[in-house]
Amino acid sequence: MKVIVPVKRVPDTAGEKKMDPNDRTLDRDAGEAVLCPVNEFAIEEAVRLKEQQGAEVTVLLVGPENAQPILRKALSYGLDAAIQVTDDAISGSDALGTARVIAKALEGQEFDLVIFGNQSTDARTCLVPAAVAELLNLPSLTYARHLEVDGDKVVVHREHEEGWDVVESSLPAIVSVVEAINEPRYPSFKGIMAAKSKPLTVSSLADLGVDPEQVGSNAATATMYEFAERPPKEAGTVVEDDGSGAAAAALADWMAEKKFV
Amino acid sequence: MAEMLVLIDHTDGHPRKVSTQMLTAAKRLADAAGDTVAAVWLGEGAADVADTLGAFGAAKLYHWDSADAQGYVTLPQVEALQAALEVSGADTLLFSSSNHVKDVAARLAIRADAGVITDVTDLESVDGALSATKEVFGGDVITKCKVADGKLAMFGVGANAFVAEESGGGSPELVALEVTLSESATATKVTAVEKQASADRPDIGEAAIVVSGGRGLGEEAGFKLIEELADVLGAGVGASRAATDAGWYPHRYQIGQTGRTISPTLYLGSGISGAIQHRAGMQTSQNVVAINKDAEAPIFQIADFGVVGDLYQVVPKLVEELKARKG
């Protein structure tokens, strides 16, 4: 079985995020960049398929050349190979443009299963996995809180607001996972050392046969034309509980005044 | 006169709150442009909800009365929407920015070469085109976005972005959609549906009030107290990642950057420090209340009302006080 895990380089949530006023994109060099935390659940699930069913796992990243440490980090969990797609023309792509690049990169690979994280921690649109599935005319089994591969069949417990649906399709298929699915392990020292010598293939848009006009900011179907930082919030009332119950009463008064009761 | 389409998000035969909120917004925008609003209902039971949808602004109701809409994953709904777009000629589609519907939007956008903007918190008409407000980076940055000219414009509307208001419309005109599913549309089958949520509590995505608990509860049993407070207020119950990771509460109630993003009128957090990852899921709440024994907890920086104290002392007293005020 061949599994591909697409990953993303995102700004560290705790770090400073700065928008570039010139092209209105995130200034990706302003803060520290990390492997998207949601990808760790996808990687863990792939590693389990490797351990249990001998899957061969490749990690795929679309992003600038300096994102390679992210791929090495992903490899350190015990994955077998890495593919990077990098091209200046990709910059400014919206979710659908990114999906087009990922789909093209997948087209040139053999795979049974593609495991995404359900969302990235920066953009959080959740659009990419289903868009990639559509471009490849494959089933999309998303928001998996449980995943089973049995022969040429995949079964997913697809999380929703009230619980989950049990859904199944044949392989190959595109899945995305939510963090409830597993508890990711840490990379081992051996894994970190081995990651340095795992094969890494770098492709450009031309290598994949993607027309640069189809991606990037010029091809974006949705564009942001204005942005502002959220104004800081005014300090509210803070009371200390002295054990008399006065604080709870003051809060209840405030809630009543605001008509929450 | 053009039509603006609104895909109704529904569960158990009832429209979710976001659906009537979307209809209200669509009606306001359509009225201003001299257009009309048409709702799209995929699945059985359209006739039972037609009047409700009409009251919130739908002049027409496209419906596909087929169990296939929910019996297979995503694609049947995509193909029914393609049929609706073809009959209607609409160039704008509003959908609920919830996870499963986003999949429908993503696949439809590829097929229809559309532009999609998700998690929209406001819509306005600017120079004859719709402009969407969308908050990014956990609400730190507020952006305005547009879909490229000439494309089908799809807007994913977040719950509570708009206030639902009836506009006095009568029964909408019912139009049955003719849908012939492709082979791939039935490739991913739903074999079982597992419902675990309490029917008595609203979903945190659409609840007006959300009460949540975190690490400070110390144990799973602490959520009994959180639920008691929630039920006095008719609120939904949420949790921080620390609490869901500890297994004290199910993951689908997790509020934060890797869980749900909510915008209730009131968010009340107990035993939650308010790490940036949690704030990314709730800082667009209109009012924030925090109960935490650590006066330095970052949640107090965004709290409209904060109580520094032991939640096991404060919350039971708060429940008592609220019950007394309810009479």
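Predicted model: local features only at pLDDT ≥ 70, side-chain atom pairs only at ≥ 80, totals over all residues.

**Entry 1: inside chain B.** I looked up the domain assignment and found domain 1 (3-186) and domain 2 (209-326) in chain B. Their centres, taken over C-alpha atoms, are 32 Å apart. How much area is buried between these two domains of chain B? I got about 410 Å², with carbon and sulfur atoms giving 42% of it. On the domain 1 side, B:E135, B:G138 and B:N160 supply 69% of the area buried against domain 2, more than any other three residues. I counted 6 residues of domain 1 in contact with 6 residues of domain 2. By class, the domain 1 side has 1 nonpolar, 3 polar and 2 charged residues. I looked for salt bridges between the two domains and got 0. Polar contacts came to 1 residue pair, both at pLDDT 80 or more.

**Entry 2: inside chain A.** Chain A is also assigned domains: domain 1 (2-219) and domain 2 (232-261). I noted 45 Å between their centres, again over C-alpha atoms.

**Entry 3: chain A against chain B.** Here I found 77 residues of chain A in contact with 92 residues of chain B. Together the chains bury about 7,500 Å², 57% of it on carbon and sulfur atoms. Which residues of chain A lose the most area to chain B? They are A:E161, A:E162 and A:R230, together 10% of what that side buries.

A:E161 turned up again when I checked charges: its side chain meets that of B:R16 in a salt bridge, 3.7 Å from N to O. The count between the two chains is 9 salt bridges. I also noted 46 residue pairs in polar contact across this interface, both residues at pLDDT 80 or more. Among the elements giving two or more residues to chain A's side are α3 (95-107), β9 (140-150) and α8 (246-257). Of these contributors, α8(A) gives the most, with 10 residues. By class, I have 41 nonpolar, 16 polar and 20 charged residues on the chain A side.

**Entry 4: a pairing across the chains.**

Key. Residues numbered from 1 in each chain as written. Chains lettered and ligands numbered in written order. Heavy atoms only, no water. Domains from an automatic or database assignment. Contact = heavy atoms within 4.5 Å. Buried area = accessible area lost by both parts, 1.4 Å probe. Salt bridge = Lys/Arg side-chain N within 4 Å of Asp/Glu carboxyl O. Polar contact = N/O pair within 3.5 Å; in protein donor to acceptor, adjacent residues only side chain to side chain. Helix = DSSP H or I, 4+ residues; strand = E, 2+ residues; numbered from the N terminus. Nonpolar A, V, L, I, M, F, W, Y, C, P; charged D, E, K, R; others polar.
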